[in-house]
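Student: Could you show me how to read a protein model, one feature at a time? I would like the general idea and then the case at hand.

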Amino acid sequence: MGAMYDSPRMDQSEGIAGGDPSASAVPARRSRLARAPERALRSLFLALARRRSLGRFATRLPLTRAMVARFVAGQTLDDALATIQRLHDAGLSTTVDVLGESVASADAAVAAAERYVRTLDALAAAGLDRNVSLKLSQMGLAVDGQVCRANVERILERAATLGAFVRVDMEDHATTDATLALVRSLRPRHPELGVVIQAALRRSSNDIDSLVAESTRVRLCKGAYNEPASVAFIDRADVDRQFVVLMERLLRRGTYPAIATHDERLIRRAVNLARREGIGPDRFEFQMLYGVRRDLQERLVADGWTVRVYVPYGAEWYPYFMRRLAERPANVAFVLRSLLQERRAPLPKSAP
Ligand code: FDA
């Protein structure tokens, strides 16, 4: 386990200075001013992610398929199973997200739960990782709390019979209390249920303390939503600092935490801490998104760490895809390039 996790492409100013500095010593990234255009683009893409009408339009465009394929494992369960098999062959673990969120009716929520049950059955039948991630807005949280709860319970009951693990993703801050409350109320009967905490939220330190005390499995991520400064850290350096503090707490005292980031500085800190304090690969895992930093995923696996890839599939990819664009402005250039290339050479019919 000897590799360094800083990429040759990484700007010196982003690297962690030698040794193992305290949390407050995570170096500042570029200045606030230099990041203003990046922040504006992020806000734009996150706002577009919420535009359902745009989503309906975009998902019909054949042009977008190849671009989406970078981040989404396909439209059908069979597509996803083939991808998951390839990832397993490369030594990676997986969790499956059946795409969809913010459903508008109880029927749509019940149908989404049914897709999860079918996915769990298919994973078990194929001998693949029985691990899924779901969103409560997809289970009907905003439509009817009872329907939402019943949907999640249905999935958990099937998961229990298959020995599967279910993680509830965290959506915007308006849903944090409801998400934690539902997870807390279901865990006594369903211990194989975990949740996500976002380092960006100011409340997260308290939430981590409670979840650690309750032995709930936590995935720690930075946070993918546009949040107001009243509840969230806006500056990326502040989010990173809180990530380090929470990550170290989880690694030392958490129950099999998941460190979900592609940020090499943070991954290196986790690796350094784990090595120094004898926290082995059986005590935690790294998690990354499908299609993001495959090189890093493979390097960590080669070094003996567990890496779980978050594999989304399904037709409702629009908001997920827009959040991926928001995370990295360079992806916009990638998308535009793909568009131009596709104009010149039309997509083969078999493209996902
Ligand atoms: P950061 O954004 O600083 O990126 C670090 C580096 O990673 C970049 O420099 C780039 O190289 C690479 N990178 C990151 N994102 C990329 C992208 N989209 N395309 C290409 N390269 C990219 N959020 C949430 O609010 N609720 C949730 O439940 C989850 N669940 C979740 C599960 C898993 C497994 C992961 C990995 C992430 C999430 N997230 C999430 C998303 C998370 O909050 C965050 O938005 C992204 O992980 C991006 O942040 P990073 O930590 O990678 O750092």
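Student: Which residues is Leu 81 in contact with, leaving aside its neighbours within four places in sequence?

Tutor: Start with the rule: two residues are in contact if their C-beta atoms, placed from the backbone, lie within 7 Å. By that rule, Leu 81 is in contact with Ala 122, Ala 126 and Leu 128, once neighbours within four places in sequence are left aside. Leu 81 and Ala 126 are 45 residues apart in sequence, yet 8.1 Å apart in space, C-alpha to C-alpha. Before we go on, please note that this is a predicted model, where local features need pLDDT of at least 70, side-chain atom pairs count only at pLDDT 80 or more, and totals for chains, interfaces and linings use all residues. Residues are numbered from 1 along each chain as its sequence is written.

Student: Where is the place of Leu 81, and is Leu 81 buried or exposed?

Tutor: A residue is buried if 20 or more other C-beta atoms lie within 10 Å of its own, exposed if 12 or fewer, and partly exposed in between, with C-beta atoms placed from the backbone. Leu 81 has 21 C-beta neighbours inside 10 Å, so Leu 81 counts as buried. Its place is in helix H4. The names of helices (H or I, at least four residues) and strands (E, at least two) come from DSSP runs, numbered from the N terminus.

Student: How many helices and strands are there in the protein chain?

Tutor: The protein chain has 13 helices and eight strands. Of its 352 residues, 38% count as buried. Among its contacts with a separation of 6 or more, 73% are between residues 24 or more positions apart.

Student: How do I check the length of a helix, and what does H5 span?

Tutor: The expected span of a helix is 1.5 Å times one less than its number of residues. Helix H5 (residues 106–125) has 20 residues and should therefore span 28 Å; its end C-alpha atoms are 29 Å apart, which agrees. Helix H10 (residues 264–277), with 14 residues, reaches 20 Å from its first C-alpha to its last, close to the 20 Å expected.

Student: Which residues of H5 are buried?

Tutor: They are Ala 109, Ala 112, Ala 113, Tyr 116, Thr 119, Leu 120 and Leu 123. The buried residues pack against helix H4 (77–89), strand E1 (93–98), strand E2 (131–134) and helix H6 (145–162).

Student: And what covers the buried residues of H10?

Tutor: The buried residues in H10 are Glu 264, Leu 266, Ile 267, Arg 269, Ala 270 and Val 271. Their cover includes H9, strand E6 (258–260), E7 and helix H11 (294–302).

Student: What should I look for in phi angles?

Tutor: Most residues other than glycine have a negative phi. Just after H10, Gly 278 takes a positive phi of about 65°, and Gly 127, which follows H5, has a positive phi near 70°. Ser 102 is a residue other than glycine with a positive phi, near 50°. Ser 102 sits in the loop between E1 and H5, and counts as partly exposed because it has 18 C-beta neighbours inside 10 Å. Tyr 256 has a positive phi too, near 40°, and its place is in the loop between H9 and E6.

Student: Which residues have the most contacts inside the largest nonpolar core?

Tutor: In soluble globular proteins, nonpolar side chains tend to be buried together. A nonpolar core is a set of buried Ala, Val, Leu, Ile, Met, Phe, Trp, Tyr and Cys residues joined through C-beta atoms within 7 Å. The largest one here has 83 residues, and Met 139, Leu 220, Met 247 and Val 311 have the most contacts inside it.

Student: Which residues come nearest to the ligand?

Tutor: A residue is near a molecule if its C-beta atom, placed from the backbone, lies within 6 Å of it. There are 23 residues around the ligand, and Asp 169, Cys 221, Thr 261, His 262 and Gln 287 come nearest. E7 gives the most to this shell, with three residues.
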